[in-house]
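Subject: Structure handover

Hello,

Here is the structure you asked about. My notes on what turned up follow below it.

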Amino acid sequence: VVTIKAAADALSKKSDDYKDRTPQIELKFENKKGFISHWFNLKGFAKNDDGTYAIDKKGNRKEDAENTAAALSIFERVAIHAGLTSGEAFTMADLIGLEIGIAVRKNDRGIARVKYTMPVAKVGAVAVKATEEESND
């Protein structure tokens with residue numbers, strides 16, 4: 001269980017593959033063990049058959065309505081997991097100070113990342129399941 005300590009507008013890192021940067025919201029989560037930040041995308045983009053982004057004539061990625069809706073849905077679930085009401089408008093300031101469950105996993109480079117969020121009430125059940133899965137490996 002962590003507390004949301006900060007929420008801010010952000011942009012993705014620059015890329016050599018396209019000119020645009022994805023609007024994001026950065027959340028900083030903290031508990032007695034430390035803190036971790038996670039960036040939630042607010043747009044989704046079209047991809048080509050080979051998995052690369054579809055790029056327009058200006059060198060920007062082409063936004064995809066379905067992928068953007070999915071990105072916004074992920075961020076809305078974070079707010080719901082933190083205790084806000086589904087479907088109601090909220091600001092980033094409304095998130096600060098709320099508690100939420102997070103699952104942290106190391107990526108392929110060994111860097112800890114937020115894998116997913118959950119309501120605080122589910123944290124114990126998820127921890128037990130993860131421990132059981134690790135012992136079966």
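**Salt bridges**

D20 and R61 join through their side chains in a salt bridge, at 3.0 Å from N to O. The term means a side-chain nitrogen of Lys or Arg within 4 Å of a carboxyl oxygen of Asp or Glu. This bridge links distant parts of the chain, 41 residues apart. D20 lies in the loop between β1 (2-11) and β2 (23-31). R61 lies in the loop between β3 (34-41) and α1. Helices (H or I, at least four residues) and strands (E, at least two) are DSSP runs, numbered from the N terminus. Both D20 and R61 are buried. Buried is under 20% relative accessible area, exposed is over 50%, and partly exposed is in between (1.4 Å probe, protein chains only).

Before going on, note that this is a predicted model: local features need pLDDT of at least 70, side-chain atom pairs count only at pLDDT 80 or more, and totals for chains, interfaces and linings use all residues. Residues are numbered from 1 along each chain as its sequence is written, and side-chain values use heavy atoms, with hydrogens and water left out.

How many salt bridges does the whole structure hold? The search finds two. E63 and K43 form a salt bridge, with their closest N and O atoms 3.7 Å apart. Both E63 and K43 lie in the loop between β3 and α1, so this pair ties together parts that are 20 residues apart in sequence. E63 is partly exposed, at 45% relative accessibility. K43 is partly exposed too, at 32%. As background, side chains of opposite charge can pair when their charged atoms come close.

**Rings and charges**

The charged end of K28 sits over the ring of F35, at 4.3 Å from the centre. To count, NZ of Lys or CZ of Arg must be within 6 Å of the ring centre and within 35 degrees of the ring normal.

Ring pairs join Y18, F45 and Y53 into a cluster. Rings of Phe, Tyr and Trp (its six-membered ring) pair if their centres lie within 6.5 Å; planes under 30 degrees apart are stacked, over 60 edge-to-face, and the rest tilted. By this rule there are four aromatic pairs. One of them is F75 with F90, a tilted pair at 6.0 Å centre to centre and 35 degrees between the planes. F75 is in helix α1 (residues 65-81) and F90 is in the loop between α1 and α2 (92-95), so the pair ties together parts 15 residues apart in sequence. F75 is buried, with a relative accessible area of 7%. F90 is partly exposed, at 27%.

**Pockets**

A pocket is found on a 1 Å grid over the protein atoms alone: an open set of points where a 1.4 Å probe fits, with protein on both sides within 12 Å along at least five of seven lines; lining residues have an atom within 4 Å of a point. Grid points are joined across faces, edges and corners, and a volume is the space filled by probe spheres set on the points.

The largest pocket holds about 990 Å³. It is lined by 32 residues, with Q24, H38, W39, F40 and N41 nearest its centre. β3, α1, β4 (99-106) and β5 (112-118) each give two or more residues to this lining. α1 gives the most, with seven. By class, the lining has 12 nonpolar, 11 polar and nine charged residues. Ala, Val, Leu, Ile, Met, Phe, Trp, Tyr, Cys and Pro count as nonpolar, Asp, Glu, Lys and Arg as charged, and the others, Gly among them, as polar.

The second largest pocket has a volume of about 320 Å³. Of its 14 lining residues, V2, N31, K33, I102 and V104 are closest to the centre. Which element gives the most to this lining? β4 does, with four residues. The lining divides into nine nonpolar, two polar and three charged residues.

**Overall layout**

The protein chain has three helices and five strands. Along the sequence the pattern is β-β-β-α-α-β-β-α. Of its 137 residues, 28% count as buried. The C-alpha atoms fill a box of roughly 50 × 40 × 25 Å along the principal axes.

Best wishes
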